[in-house]
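Please keep the sequence and the model in view while reading.

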Amino acid sequence: MPVLDIKADVTGKVWKLEAALGASLAAGDIVMILESMKMEIPVEAPKAGRLATLTVAEGDSIKEGQVLARMEI
């Protein structure tokens with residue numbers, strides 16, 4: 001099964017995880033919310049699939065381009 005990395009568009013922190021590991025996601029579903037410069041930034045599933053791996057936890061500091069999660073598509 002092909003794997004798709006979901007990467008951070010900004011540097012900041014993981015504010016809240018919205019999707020559980022193993023969840024089936026549709027394109028556009030919110031996986032997590034990042035906080036950067038006092039703004040909440042939703043991270044959406046780019047395609048339909050299953051959330052296979054979370055590489056971050058709530059409160060983690062993240063950098064732009066970092067892999068946040070992996071989906072099986």
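Q: Which order do the strands have in the open sheet of four strands?
A: This is a predicted model, in which local features need pLDDT of at least 70 and side-chain atom pairs count only at pLDDT 80 or more, while totals for chains, interfaces and linings use all residues. Residues are numbered from 1 along each chain as its sequence is written, and side-chain values use heavy atoms, with hydrogens and water left out. Strands here are DSSP runs of E with at least two residues, helices are runs of H or I with at least four, and both are numbered from the N terminus, whereas two strands pair if DSSP finds at least two bridges between them. The pairing in the open sheet of four strands is antiparallel, and the order is S5-S4-S2-S7.

Q: Which are the edge strands of that sheet?
A: An edge strand pairs on one side only.

Q: What is the bridge partner of lysine 13 in S7?
A: Strand S2 (residues 12-17) and S7 run antiparallel and are joined by two bridges. For lysine 13, the bridge partner in S7 is serine 61.

Q: What is the bridge partner of serine 36 in S5?
A: Serine 36 lies in strand S4, and strand S4 (residues 30-36) pairs with S5 in the antiparallel sense over six bridges. The two strands form a hairpin with two residues between them, and methionine 37 in the turn has a positive phi of about 50°. In S5, the partner of serine 36 is methionine 39.

Q: Is serine 36 buried or exposed?
A: Buried means under 20% relative accessible area, exposed means over 50%, and partly exposed lies in between, with a 1.4 Å probe and protein chains only. Counting a contact as heavy atoms within 4.5 Å, and leaving out residues up to four places away in sequence, serine 36 touches Val10, Thr11, Gly12 and Ile41. Because its relative accessible area is 10%, serine 36 counts as buried.

Q: How does proline 42 count by its relative accessibility?
A: Proline 42 lies in strand S5 and touches Ile30, Met32 and Ile33, not counting residues up to four places away in sequence. Proline 42 and isoleucine 30 are twelve residues apart in sequence and 6.2 Å apart in space, C-alpha to C-alpha. Because its relative accessibility is 44%, proline 42 counts as partly exposed.

Q: What relative accessible area does leucine 68 have?
A: Leucine 68 has its place in strand S8 (residues 67-72). Not counting residues up to four places away in sequence, leucine 68 touches Ile6, Lys7, Ala8, Met32, Leu34, Val43, Leu54, Thr55, Val56 and Ile62. Leucine 68 is buried, with a relative accessible area of 0%.

Q: What radius of gyration does the protein chain have?
A: The radius of gyration is taken over C-alpha atoms, and the globule rule is 2.2 Å times the number of residues to the power 0.38. With 73 residues, a compact globule would have a radius of gyration near 11 Å, and the value for the protein chain agrees, being 11 Å.
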